[in-house]
Amino acid sequence: MKGKTKNIILLLGFLITCFICYRFAISNTLEAYTTYKKLEQENLLFKNIPKQQVMLKKQNVYLDSLLNKYQIGGTSIQNNLLKNLNTNSDSLGLKLVEFEKAHVFEKKQLTINSHIFTLEGSYGDLLKLIYNLEQRTKFGEVVHVGLEKKKDLRTREERLEGNIIVQHY
């Protein structure tokens, strides 16, 4: 054999040896290393579980205090809103004319509830009630207030009606 063919055979043997080493040793080592990294991350998550549990308990206490502060009880938000409207309407001299069923729709995987109701009374009292709804009770965001002046043909009296829409997520 000539030197050139010996070198070619040596080079092919070296390449085949490198391929076999990669196939049986190096690839298994890389796979074991990625598995090790994944298990290390899971172990870190398991170490943080007690801390997360304590934080969640604190958050639960905080959210309960917010529910009590903003007068939201254990019943549905619609019932609480109606109860609050009745209480505020009586104190402000307003009349709750209509309270419609909640309108529920989804937008970008988010459920939005809209509560529509109609009140009758003076302009200032309607504004006070809207302020109380938005700032003190936190039932949601007042997204629409439509005021309409209506005249009763029988009694010839004018009255102000406010159509209000409150949304919460």
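**Close-up views of a predicted model**

View 1. N132 is part of helix 3, which covers residues 123–137. The structure shown here, as in every view below, is a predicted model. With a relative accessibility of 13%, N132 falls below the 20% limit and therefore counts as buried. Apart from neighbours within four places in sequence, N132 has contacts with N88 and T137.

**View 2. The largest nonpolar core.** This core consists of 14 residues. F117, L119, L133 and I164 have the most contacts inside the core. At least two core residues come from each of helix 2 (77–92), strand 3 (111–120), helix 3 and strand 5. Helix 3 makes the greatest contribution to the core, namely four residues. As a general point, nonpolar side chains in soluble globular proteins tend to be buried together.

**View 3. The contacts of F117.** F117 is among the residues with the most contacts inside the largest nonpolar core. When residues up to four places away in sequence are not counted, F117 touches L81, L85, L96, E98, F99, L133, G162, N163, I164 and V166. Two of these partners, L133 and I164, are also listed with F117 among the core residues with the most contacts.

**View 4. Strand 4 and strand 5.** Strand 4 spans residues 141–152 and strand 5 spans residues 157–168. The two strands are paired in the antiparallel sense, with eleven bridges. Opposite L147 stands G162 of strand 5. H144, in turn, faces I165 of strand 5 as its opposite residue. The hairpin formed by strand 4 and strand 5 has four residues between the strands. In this hairpin, R156 has a positive phi near 55°.

**View 5. Strand 3 and strand 5.** Strand 5 also pairs with strand 3, in the antiparallel sense and over eight bridges. N113 has H168 in strand 5 as its bridge partner.

View 6. L12 has a relative accessible area of 49%, which lies between the limits of 20% and 50%, so L12 is partly exposed.

Methods. Residues numbered from 1 in each chain as written. Predicted model: local features only at pLDDT ≥ 70, side-chain atom pairs only at ≥ 80, totals over all residues. Heavy atoms only, no water. Pairing = 2+ DSSP bridges. Buried < 20%, exposed > 50% of the residue type's maximum accessible area, 1.4 Å probe, protein only. Contact = heavy atoms within 4.5 Å. Core = buried A, V, L, I, M, F, W, Y, C linked by side-chain atoms within 4.5 Å.
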